[in-house]
Amino acid sequence: MKVKTKIIVTGGLGFIGSNLIELLIKKNFYVINIDKVSYSSNFYNVREFKKNKNYKFIKCDILNKRKIIDILIKEKPKAIFNLAAETHVDRSIETPKDFIHSNIVGTFNILEQIRKYKKRIKENIRLIHISTDEVFGDLEKNKRSSEYSSYNPSSPYSASKASADHLIKS
């Protein structure tokens, strides 16, 4: 019996993450959903596949270094889709610290655990980081951004996502 390719999705209880998981399961991947279960998490989003043999949920904050490395070593995924993030511009203005911790330090933690994993296990693993168009700031009417647009974040949320993007690039 062929072993299925394992993929980790962080933030998989959110709207986008849960839709990505559904697509990956349909494409016959084994998906490990890591989510800390917060205000933006919704178990309703995974109701249709939560009992699927190709799906596993693990409650975990991406800030938890020990648990992340343990999951990597145990599951040996081929890729991680990082969708975990604090969101909502207004919330970021009221409590920016949460955004700094989750979006910047959390992303850094994933990068560090991948580095440790690759050194220890000698396996290749890909990181696909999902950002936001808000890192490019406010756009003129009928204008679009692209990955070549200049960064111009205008809130703690967009600045934290831009910082994560730059950490990954570096």
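Leucine 63 sits in the loop that runs between strand S3 (55-59) and helix H2 (65-75); helices (H or I, at least four residues) and strands (E, at least two) are DSSP runs, numbered from the N terminus. Bear in mind that this is a predicted model, where local features need pLDDT of at least 70, side-chain atom pairs count only at pLDDT 80 or more, and totals for chains, interfaces and linings use all residues. Residues are numbered from 1 along each chain as its sequence is written, and side-chain values use heavy atoms, with hydrogens and water left out.

**Exercise 1.** Work out whether leucine 63 is buried, partly exposed or exposed.

*Solution.* Start with the cut-offs: buried means under 20% relative accessible area, exposed over 50%, and partly exposed in between (1.4 Å probe, protein chains only). Leucine 63 has a relative accessible area of 32%, so call it partly exposed.

**Exercise 2.** Find the residues that touch the most other members of the largest nonpolar core, then look at two of them.

*Solution.* First, the term: a nonpolar core is a set of buried Ala, Val, Leu, Ile, Met, Phe, Trp, Tyr and Cys residues joined through side-chain atoms within 4.5 Å. The largest one has 18 residues, and Ile8, Ile34, Leu72 and Ile80 touch the most other members. Next, its sources: strand S2 (30-35), H2 and helix H4 (96-121) each supply at least two residues, with H2 giving the most, 5 residues.

Now take leucine 72, which is in helix H2. Its relative accessible area is 1%, so it's buried. Skipping residues up to four places away in sequence, its contacts (heavy atoms within 4.5 Å) include Ile8, Ile80 and Tyr117.

**Exercise 3.** Classify the ring pair of phenylalanine 99 and tyrosine 157, and say which helices it links.

*Solution.* Rings of Phe, Tyr and Trp (its six-membered ring) pair if their centres lie within 6.5 Å; planes under 30 degrees apart count as stacked, over 60 as edge-to-face and the rest as tilted. The whole structure has 4 aromatic pairs. For phenylalanine 99 and tyrosine 157, the centres are 6.3 Å apart and the planes at 75°, so the pair is edge-to-face. Phenylalanine 99 belongs to helix H4 and tyrosine 157 to helix H5, so the pair ties together parts 58 residues apart in sequence. As for cover, phenylalanine 99 is buried at 0% relative accessibility, and tyrosine 157 is buried at 8%.
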